[in-house]
Amino acid sequence: MSHHNDNLGAVESNAAKELYIAEHDDRWTAVDAYQFPHLNQQSSPYSAAIDHALSNSIERGLEDISVAPSQGKFLSLQCRIIDAKRILEMGTLGAYSTIWMASSSPEVRVVTLEIDPNTAEIARENIRFAGLEDRIEVLVGAALDLLPRLASEIEQGKRDRFDFSFIDADKANALPYFDWAVKMTRPRGLVYVDNMVRKGLLADEQRAKTDQNVRGVRNAVEGIGKDTRVDAVLLQTVGVKNYDGFLMAIVK
């Protein structure tokens with residue numbers, strides 16, 4: 001989802017695929033396989049739709065790089081904790097995370113951005129299957145083209161500010177995406193940036209010289225640390241999707 005290079009989505013996708021293949025520990029997978037069925041027993045009207053979004057996306061040829069099930073539920077719980085009604089997502093893919101967040105409350109409305117028209121159509125299929133087409137708006141285009149338009153609509157009073165922003169797009173532009181999200185997120189709202197640790201490469205200064213994604217996440221960490229509009233933390237994670245992590249910031 002890059003303004004500078006439409007191929008970045010493919011680059012990010014390939015990088016993500018490599019990331020997941022490269023790091024694996026049977027213990028992480030075993031813990032997720034054990035805990036998730038136990039902690040996700042309470043039936044949801046959207047459980048079947050969430051499962052369908054994942055399976056249909058893979059059947060339709062999308063790469064299996066959606067958030068892990070536990071992370072999807074974590075996003076949903078975060079939205080419930082802050083009583084989020086308006087959610088912004090950058091990087092729709094098959095709308096798996098989108099549906100998780102939309103399921104957090106019947107009052108939730110999601111705006112999700114996807115650069116690839118074919119991917120967006122698969123996402124819309126999954127959204128229709130979930131019966132959420134009236135609550136999820138898929139915008140197609142480069143995020144750095146769409147975000148100023150959304151910001152303008154907010155300033156004109158045509159849209160409400162977002163309560164929760166989830167950034168899961170190319171990491172080369174992580175900092176500009178974050179900047180736009182903060183501008184459009186209400187005070188005490190949350191901005192969540194996924195895939196920030198990159199199996200530990202975040203700390204590799206030399207790799208950042210040749211890898212635009214590592215350079216992007218480092219720029220984000222350093223830039224966000226200086227951003228007086230927010231207070232942020234980065235957490236490392238392991239699990240069925242292997243070793244990575246996310247950054248979460250509260251808007252002051």
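1. Strand β1 (residues 86–90) runs parallel to β2, and five bridges join the two. To get from β1 to β2, the chain passes through helix α5 (residues 96–102), in a β-α-β crossover that is right-handed.

2. On to the next strand pair. Strand β3 (residues 136–140) also pairs with β2 in the parallel sense, over five bridges. Within this pairing, Ile136 of β3 is the bridge partner of Val110. Helix α6 (residues 117–130) belongs, together with β2 and β3, to a right-handed β-α-β unit.

3. How many residues of strand β2 are buried? Five of the six are, so this strand (residues 109–114) is largely enclosed by the rest of the structure.

4. Helix α3 deserves a look of its own. Its 13 residues (47–59) reach 18 Å from the first C-alpha to the last, close to the 18 Å expected at 1.5 Å a residue. Ala49, Ile50, Ala53, Asn56 and Ser57 are the buried residues of α3. Seen down the helix axis, they fall within an arc of 140 degrees, so they line one face of α3. Turned away from the buried side is a face with the exposed residues Ala48, Asp51 and Glu59. Just after α3, you will find Gly61 with a positive phi of about 100 degrees.

5. Helix α8 (residues 174–184) can be read in a similar way. Its buried residues are Ala174, Tyr177, Phe178, Ala181, Val182 and Met184. They cover an arc of only 165 degrees around the axis, which puts them on the same side of α8.

6. Is Gln78 buried or exposed? Gln78, a residue of helix α4 (residues 69–81), has a relative accessible area of 11% and counts as buried, because the cut-off for that is under 20%. Beyond its neighbours within four places in sequence, Gln78 is in contact with Phe164, Leu190 and Met248.

7. Lastly, a word on confidence. The chain averages a pLDDT of 92, and 90% of the residues score at least 70. Over residues 1–11, however, pLDDT stays under 50, and the model has 30 contacts beyond four places in sequence for this stretch. Where pLDDT is low, the predicted coordinates should not be read in detail.

Methods:
Residues numbered from 1 in each chain as written. Predicted model: local features only at pLDDT ≥ 70, side-chain atom pairs only at ≥ 80, totals over all residues. Heavy atoms only, no water. Buried < 20%, exposed > 50% of the residue type's maximum accessible area, 1.4 Å probe, protein only. Helix = DSSP H or I, 4+ residues; strand = E, 2+ residues; numbered from the N terminus. Pairing = 2+ DSSP bridges. Right-handed = clockwise from strand over helix to strand, strands pointing away. Contact = heavy atoms within 4.5 Å. Arc of directions from axis to C-beta. pLDDT = per-residue confidence, 0-100. Expected span 1.5 Å × (residues − 1).
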